[in-house]
Amino acid sequence: SCDTTQLCNCSSMGLDFIPLGLTAKITLLNLAHNRIKHIRSQDLQQAVNLRALLLQSNQISSIDEDSFQSLAKLELLDLSNNSLSHVSPVWFGHLFSLQHLHLQGNSYRELGESSPFSSLRNLSSLHVGNPQFSVIRQGNFEGIELLHKLWIDGSNLGQYEQGSLKSIKKINHMVINIRSINVFSEVVRDILHSVTWLEVRRIAFSVAAEMQVLRVMSSSFAKKISFRQTLLTDATVPELVSILEDMPKLVELELADCRLLGTGQWKMQIQAKQSQTLRVFTIEKLSIEEFYLFTDLQAVESLLSLFTRVTVRNTKVFLVPCRISQCLLSLEYLDLSANLLGDQSLEHSACQGGWPSLQTLNLSQNSLSDLEMTSKSLSHLGNLIVLDISQNNFGGIPDVCEWPKALKYLNLSSTQISKVTTCIPPTLEVLDVSANNLKEFGLQLPLLKELYLTKNHLKTLPGATPIPNLVALSVRRNKLNSFSKEEFESFKRMELLDASDNNFICSCEFLSFIHHEAGIAEVLVGWPDKYVCDSPLAVRGAQVGAVHLSLMECHRSLVVSMICVLVFLVILLLVAVGYKYHVVWYVRMTWAWLRAKRKPKRAPPKDVCYDAFVSYSENDSDWVENTMVRELEQACPPFRLCLHKRDFVPGKWIVDNIIDSIEKSRKTLFVLSEHFVQSEWCKYELDFSHFRLFDENNDAAILVLLEPIQSKAIPKRFCKLRKIMNTKTYLEWPLEEEQQEMFWFNLKIALRS
């Protein structure tokens, strides 16, 4: 169950005990989801280099005192969701390197009379508690001075001894699941100056009198407060707002999956002191049972003038009162996506004088249907640069529209429009009209740099003359069957053209032009499963990406005029044999390999400036750029990743960019998915990067499996890649949130190895 990096996965094997024969080579041992009940002294004695030990979701009820004595290098220990009735400090006495400890979901009622964690000087994250957890005693957290994350499941916590958390000097993110307001206030008293982000879950603020005990919270130095699955009422909202206003460093307030009982008719007027620090306010999936009776929020008008970012998503908002919009004087970012805004209500919401500083507005997934009315309602927003009105049902599009004068980015994807007209503003630099019913595109947009036409019904490329400054064009998933050399050359500034997933019937001249003469930094064609070339030198029904024809083979008339019929038949026979055994492909790749051999295999250490080069499909860019990159580049210490969108040198040939990036990176991280195999796999430049990397026989490749794929789905000629996929252990992206922290830990270990 162990791979070459000694990561051993023995999860879900029905084991009743820790297996025998563990050696000092093992660095990660995953024994989760088994039936282990007891950890013995000798079980882990030889695993002296173990960095991560996963024992969650077993039936462990007892642990010998010296079971972890030899694990001085252990960094992560997960004992969550077992049957431990107590926590012993002796277990952790020799875990000097431990950074992450998970103890939640057991059956202990308390942590003991003293601190079980006093020897864990490097602890970074700690998860404790369970539904039976009822007591926190003074001294339970002694020895811990700094935590990145503290998670306490105290849903039935009934007793908290004052000073228990005061020994922790700094907590970056604290999550507490708690029901008792009195106990919560005692906890808050101890973390006033230590917590940066406080996240409170499953608490109910239902009675105004109970809120007085939370007055101590107004002295907290927290910069962000999050309430999740929290109950609020008309009686408690004013009290809570008053407390939050007094917090001297509060910058961001978040309400997620919360429930409000009331209609906004608060019994006492909110006496706004207008917090001088609060700038970001997020509401997501707020449930208001009588939302149709909700008032105009006049009571909170004076609180809003300093907000710069407001998000109210998936909350059934059908109107923003004009007076509220006019009070948002500093607002630069507004997200009202996934709500119920219609054309009339938007006109009222974006009234004259409303949102005067707004630069970014997201109105996607609402009930807008009249594009002319939508544009006119927003036309007075003189600072608006980015507008997202995707996933509305406009259907038709008028000839003339009135837009904000500074608008540069417009997203009209998935809006059911069947044509584009001069309604589209000429000031745009980025336009997205993907997933519509467009059959042609011929607008005059002189400033446009990026155009996204994915998933439409185009049969030809848009003309280059009306969009002379276009840098990136995506026409994926249309009905293109060919485009000419002249169409290519007319885009003089083009750096990226994505025309994959179309209906190309390719000619040899077309293939040759794309590979040799296009002059565009990156061309993605992505042939269908079958295509036909009109030259007799090309074999009908060639598989995806199999044909890379030479210039000589494409000039049929020249060949016929220079050689006799007999030689022509011999060449035809040779081509047929070459096709069967992929000779043409191997010749081209050998040529590329010989060129690369003239360069050093690896850049000098001083030139290695990245931890990893990331190879991924464009379809997976959302997960890579918004999830993986954020997690790794914001880690401590941060990793430096090389992404083609961000770090490639503009104007440089894509193959050279890839080679240079691999040579200047310690690792190459492949994010594997069906999209990766079916589309990007066929791209010649990426083929070359894989070929070069695996030819060097190093262990610098890290495979992340984003979704299940079969190795047999990879073309057979990539034998070395198929081999490494059959022998190298993947890091699989888990859908369950509780397993994702382990995934990030494994990935960081692999990147540092």
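Let me start with helix α1, residues 181-190, where seven of the 10 residues are buried, so the helix is largely enclosed by the rest of the structure; buried here means under 20% relative accessible area, with exposed meaning over 50% and partly exposed in between, using a 1.4 Å probe and protein chains only. Helices (H or I, at least four residues) and strands (E, at least two) are DSSP runs, numbered from the N terminus. This is a predicted model, in which local features need pLDDT of at least 70 and side-chain atom pairs count only at pLDDT 80 or more, while totals for chains, interfaces and linings use all residues. Residues are numbered from 1 along each chain as its sequence is written, and side-chain values use heavy atoms, with hydrogens and water left out.

The buried residues of α1 are Ile181, Val183, Phe184, Ser185, Val187, Val188 and Asp190, and they pack against β11 (159-160), β12 (170-178), β13 (195-201) and β14 (204-205), where contact means heavy atoms within 4.5 Å.

From β14 we can move on to the sheet, an open one of four strands in the order β14-β16-β18-β20, with parallel pairing; two strands pair if DSSP finds at least two bridges between them. Because β14 and β20 (287-288) stand at the edges, each with a single partner strand, one side of each is left without a neighbour in the sheet. The parallel pairing of β14 with β16 (residues 231-233) runs over two bridges, and phenylalanine 205 stands opposite leucine 232 in β16.

Now to the cysteines: how many disulfides are there? Taking a disulfide as a pair of cysteine sulfur atoms within 2.5 Å, the count comes to three. In the disulfide of cysteine 2 and cysteine 8 the sulfur atoms are 1.9 Å apart, and the torsion about the S-S bond is about 110 degrees, so this disulfide is right-handed. Cysteine 2, at 41% relative accessibility, counts as partly exposed, whereas cysteine 8 is buried at 1%.

Cysteine 322 and cysteine 351 form a disulfide with their sulfur atoms 2.0 Å apart. Cysteine 322 lies in helix α3 (residues 322-327) and cysteine 351 in the loop between α4 (343-349) and β23 (360-362), so this pair ties together parts that are 29 residues apart in sequence.

For cysteine 401 and cysteine 423, whose sulfur atoms are 1.9 Å apart, the torsion is about -95 degrees, so the disulfide is left-handed; cysteine 401 is buried, and so is cysteine 423.
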